Amino acid sequence: MFVIPVIDIKDGQCVRVVQGLSDKTEFYSESPKNIAKLFRKENFKCIHITDMDGAIHGNMKNFELIREIALSVDIPIQLGGGIRNYDIAKKILNDLGVYRIVIGTAALTDPDFIKRILDDFSSSKIVVCIDEKLNNVVIDGWINYANITPLDFAKQMEAIGIKRIIYQDVTRVGNLSGPHIPRLLEIADSTNMKITSAGGISSYSDLKKIIEIEHLGIDSVMISRALYENQFPCQRIWRDMESIDASLELPEV
């Protein structure tokens, strides 16, 4: 099971937004770059970044900060949030040092844009994110309903050539309430795409539920709050040791 840590950026800071509600935003760090370096030291093999400002407003307000993060670590960066036209997608893939992009709203509003990315960059460079609320896909930073079910959306994306999706129930994001297993199974049983589960993971017990259905193509998981709040025993060991090491003076040469 491939575990991908999440860095959500809002106003240049690392945050957690519960259920997409701005009044429930919690700030974790003033330096997303330092968080990325910490995840790399903890041996993660990929990092997902969400530009929350981009997701809501449709622009790349944090472009230069994300470039700094990409240059600061030697692992692939997956980026989503506000990527709604070809020119922005091309600039990110060519100039930002990002391995692949995640498209949400634009996959519904402009499927020809998705086809163009597939033609010019291949399916390995694009992932479509399916955000659900009450069996309805939500778009524009989880603000508006798209009047399509997650399963129908997934089938549409598979038909145009998408090979991987990220699925999350936004009512579970940031509140540690567990993944939406029935929906993951529904999509996995009805498509041949690879699926990354996001939202709701609280501990190893939730992670184990995903591991048990990994054989269906649900091969990875994105985790945010549980990592920041040290919900996994190995993290406590790593971060305790990091604290001890940081307190030691370097020996004289």
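Trainee: In the predicted model, are Phe-39 and Phe-44 buried or exposed?
Mentor: This is a predicted model, in which local features need pLDDT of at least 70, side-chain atom pairs count only at pLDDT 80 or more, and totals for chains, interfaces and linings use all residues. Residues are numbered from 1 along each chain as its sequence is written, and side-chain values use heavy atoms, with hydrogens and water left out. By relative accessible area, buried means under 20%, exposed over 50% and partly exposed in between (1.4 Å probe, protein chains only). On that scale, both Phe-39 and Phe-44 are buried.

Trainee: How many aromatic pairs are there, and what geometry do Phe-39 and Phe-44 adopt?
Mentor: Rings of Phe, Tyr and Trp (its six-membered ring) pair if their centres lie within 6.5 Å; planes under 30 degrees apart are stacked, over 60 edge-to-face and the rest tilted. The count comes to 2 aromatic pairs. The rings of Phe-39 and Phe-44 are 5.7 Å apart, centre to centre, with 90 degrees between the planes, and the pair is edge-to-face.

Trainee: Why is the pair of Phe-39 and Tyr-228 edge-to-face, and how many residues apart in sequence are the parts that the pair ties together?
Mentor: The ring centres of Phe-39 and Tyr-228 are 5.7 Å apart and the planes stand at 65 degrees, so this pair is edge-to-face. Helices (H or I, at least four residues) and strands (E, at least two) are DSSP runs, numbered from the N terminus. Phe-39 belongs to helix α1 (residues 32–41) and Tyr-228 to helix α10 (residues 225–228), so the parts tied together are apart in sequence by 189 residues.

Trainee: Which residues form the aromatic cluster?
Mentor: Phe-39 is buried, at a relative accessible area of 0%. Tyr-228 also counts as buried, at 14% relative accessibility. One aromatic cluster is formed by Phe-39, Phe-44 and Tyr-228.

Trainee: At what angle do the axes of α4 and α6 cross?
Mentor: Contact means heavy atoms within 4.5 Å, and Tyr-86, Ala-89, Lys-90, Leu-93 and Asn-94 in α4 meet Phe-113, Arg-116, Ile-117, Asp-120 and Phe-121 in α6. Axes are lines fitted to C-alpha atoms, for helices over the stretch in contact, and angles run from 0 to 180 degrees between N-to-C directions. The axes of α4 (residues 86–95) and α6 (residues 111–121) come within 10 Å and cross at roughly 30 degrees.

Trainee: How do α7 and α8 pack, and which residues of α8 make the contact?
Mentor: The axes of α7 (residues 150–160) and α8 (residues 181–190) are 10 Å apart, at an angle of about 35 degrees. On the α7 side, the contact is made by Pro-150, Leu-151, Ala-154, Lys-155 and Glu-158. Their partners in α8 are Arg-183, Glu-186, Ile-187 and Ser-190.

Trainee: Which residues does Asn-144 touch, not counting residues up to four places away in sequence?
Mentor: Asn-144 is placed in strand β9 (residues 144–145) and is partly exposed, with a relative accessible area of 35%. Its C-alpha atom is separated by 9.8 Å from that of Thr-105, 39 residues apart along the chain. With the sequence neighbours excluded as you state, Asn-144 touches Val-137, Val-138 and Ile-139.

Trainee: What is the phi of Ser-122?
Mentor: Most residues other than glycine have a negative phi. Ser-122 lies in the loop between α6 and β7 (126–133) and is partly exposed, with a relative accessible area of 33%. Its phi is positive, although the residue is not glycine, with a value near 85 degrees.
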